[in-house]
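Please look over the model below with its aromatic rings in mind. My notes follow it.

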Amino acid sequence: MKNKHLLSIADLTSQEIWGLLQRAAQLKKEPAPPVLTGKSVALLFEKPSLRTRVSFDVAIHQLGGHPIYLGME
């Protein structure tokens with residue numbers, strides 16, 4: 001799956017889907033290392049979306065970073 005854009009689940013083979021599920025299970029057991037420790041990440045969204053904002057915020061925190069939301073105004 002390296003360097004492949006995922007536009008639709010229909011674009012994946014059954015082997016690729018199985019690989020994604022195995023990787024997800026592995027990451028649940030062994031979370032990703034904190035690669036963003038000591039870094040700030042700016043969040044810029046064209047349209048307001050609470051779910052998207054919170055998802056990115058949580059992911060950045062889990063990777064050790066500090067998210068900063070910058071509104072469109």
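The points below cover the aromatic rings and their surroundings.

1. This is a predicted model: local features need pLDDT of at least 70, side-chain atom pairs count only at pLDDT 80 or more, and totals for chains, interfaces and linings use all residues. Residues are numbered from 1 along each chain as its sequence is written, and side-chain values use heavy atoms, with hydrogens and water left out.

2. The structure has two aromatic pairs. Rings of Phe, Tyr and Trp (its six-membered ring) pair if their centres lie within 6.5 Å; planes under 30 degrees apart are stacked, over 60 edge-to-face, the rest tilted.

3. F45 and F56 pair edge-to-face, 5.8 Å centre to centre, with 65° between the planes. F45 sits in the loop between β1 (40–44) and α2 (50–62), and F56 in helix α2, so the pair ties together parts 11 residues apart in sequence. Helices (H or I, at least four residues) and strands (E, at least two) are DSSP runs, numbered from the N terminus.

4. F45 is buried, at 13% relative accessible area. F56 is partly exposed, at 44%. Buried means under 20%, exposed over 50%, partly exposed in between (1.4 Å probe, protein chains only).

5. F45 also pairs with Y69, stacked: 6.2 Å centre to centre, 25° between the planes. This pair links distant parts of the chain, 24 residues apart, with Y69 in strand β2 (residues 66–70). Y69 is partly exposed, at 32% relative accessibility.

6. F45, F56 and Y69 make one aromatic cluster. R53 lies over the face of Y69, 3.8 Å from the ring centre. The criterion is NZ of Lys or CZ of Arg within 6 Å of the ring centre and within 35 degrees of the ring normal.
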